[in-house]
Amino acid sequence: MSRSFQVAIIGAGPAGLAAGLYAARSGLSTIILEMAFPGGQIANAARVENYPGFVEGVSGMELGQFMHRQAEQSGAETLTVEVSSLIPAIEGGRGRHVVKTSEEDISAEAVILATGARYRMLGVAGETELTGKGVSYCATCDGPFYRGKKVAVIGGGDTAITDALELTTFASQVTVIHRRDELRAGKVLEERARSNPKLDFVWNSIVEVVVGAPVVSSLRLKNTKDGTMSELPVDGVFVAVGSVPSTGFLQGVLPLDESGCIITNEQMETDIAGVFAAGDVRHGSARQVITAAGDGATAALSARRYISSL
């Protein structure tokens, strides 16, 4: 089974949904392909306070739903499938690209890659075995399971500190473990964290082993300055050390940078005519919901110009 559209968008995070909105409003037949649920990683955020128009903030889930509803009301179709590969039009040609999915093939004149990124793992002993048994990558999803318990958050960026602050709503104590002696998070978040009595910090430390059977009981830590080891008793650990771009199915298809992100120009164009990229999956992305949405809009407008030239 196969269907044809003018624009196929892979990913339904802020970048993909904004692209779907702009493409559909341009009168282009548009389909958005998503393997999970619309909203992407932003749907896991308890509160988004830096997206214009929401003075009091908005939950990430709500923001994703608003974007999805707007894209569909403008005429974009959404299909829940897993994408396995992208087959570009014949090199040098301006034919149709084919997106192979778990259900059907989708051919399109233009393809917008907005696959985002997945959570980065620590890669330490015990992490994989205890995932779902005390190791989590989503504070919004799993925080309520730790009411009155002690948890740790690994990382020092905006996501880590946002997660830590959210977890203080449930946990009795939240410990942020960071490999450096200062945070990378924004000043406002840092001030909130430092003033929260339920939140403390372990600086210059990394996790060597996640300990526990059948569930997490502690973390074995190594000091990055002097190499000393210590043990931190916890009931759960939330990992927030960045993300890995979801570009595995694009290996050998498009030029990627050393981290696996897609290389584009300012118009979101890749090296393949009619293939664009937007959002966190793109090299140089600011990894913010507003810039992802802007990338998506730019990619859709570039796709419209491309299709008009065919």
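Predicted model: local features only at pLDDT ≥ 70, side-chain atom pairs only at ≥ 80, totals over all residues.
Visitor: Which residue of E15 is the bridge partner of Val135?
Guide: Strand E8, residues 135–136, runs parallel to E15, and two bridges join them. Val135 has its bridge partner in E15, and that partner is Val237.

Visitor: Which residue of E15 is the bridge partner of Ala152?
Guide: Strand E9, residues 150–154, pairs with E15 over four bridges in the parallel sense. The partner of Ala152 within E15 is Val237.

Visitor: What is the order of the five strands in the open sheet with parallel pairing?
Guide: E15 pairs with E8 and also with E9. The edge strands are E8 and E11, and each of these pairs on one side only. The pairing in this open sheet is parallel, and the order is E8-E15-E9-E10-E11.

Visitor: What angle does the direction of helix H4 make with that of E9?
Guide: Helix H4, residues 158–167, packs on the sheet and touches E9, E10, E11 and E15. Angles over 145 degrees count as roughly antiparallel. The direction of H4 makes an angle with that of E9 of about 170°.

Visitor: How many residues of H4 are buried?
Guide: Buried means under 20% relative accessible area. The residues of H4 that fall in this class are Ala160, Ile161, Asp163, Ala164, Leu165, Glu166 and Leu167. H4 is mostly covered, and of its 10 residues the number buried is seven.

Visitor: Which helices and strands do the buried residues of H4 pack against?
Guide: Among the buried residues of H4 are Ile161 and Leu165. The elements that the buried residues pack against include helix H3, residues 139–142, and helix H5, residues 187–195.

Visitor: Why are H1 and H2 called roughly parallel to each other?
Guide: Helix H1, residues 14–25, packs with helix H2, residues 60–73, and their axes are 8 Å apart. Angles under 35 degrees count as roughly parallel. H1 and H2 are therefore placed in that class, as their packing angle is about 25°.

Visitor: How do the residues of the contact of H1 with H2 divide into nonpolar, polar and charged?
Guide: The crossing of H1 and H2 is left-handed. From H1, Pro14, Leu17, Gly20, Leu21 and Ala24 meet Gly64, Met67, His68, Gln70 and Ala71 in H2. The contact divides into six nonpolar, four polar and no charged.

Visitor: What is the order of the open sheet of three strands?
Guide: The edge strands are E12 and E14, each pairing on one side only, and E14 covers residues 229–233. Neighbouring strands of this sheet are turned by 25° against each other on average, direction ignored. The pairing is antiparallel, and the order is E12-E13-E14.

Visitor: Which residue of E13 is the bridge partner of Val211?
Guide: A hairpin joins E12 to E13 through three residues. E12 and E13 run antiparallel and are joined by seven bridges. For Val211, the bridge partner in E13 is Ser218.

Visitor: Which residue takes a positive phi in the hairpin of E13 and E14?
Guide: E13, residues 216–223, is joined to E14 by five bridges, and the strands run antiparallel. Leu221 stands opposite Ser230 in E14, and Leu219 stands opposite Leu232. The hairpin has five residues between the strands, and the residue with a positive phi, near 80°, is Gly227.

Visitor: What is the relative accessible area of Ser205?
Guide: Ser205 lies in strand E12, residues 205–212. Leaving out residues up to four places away in sequence, Ser205 touches Ile177, His178, Arg179, Lys222, Asn223 and Thr224. The cut-off for buried is under 20%, and Ser205 is buried because its relative accessible area is 8%.

Notes
Residues numbered from 1 in each chain as written. Heavy atoms only, no water. Pairing = 2+ DSSP bridges. Axes fitted to C-alpha atoms, helices over the stretch in contact; angles between N-to-C directions. Parallel < 35°, antiparallel > 145°, perpendicular 65-115°, else oblique. Left-handed = near helix turned anticlockwise from the far one by under 90°. Contact = heavy atoms within 4.5 Å. Nonpolar A, V, L, I, M, F, W, Y, C, P; charged D, E, K, R; others polar. Buried < 20%, exposed > 50% of the residue type's maximum accessible area, 1.4 Å probe, protein only.
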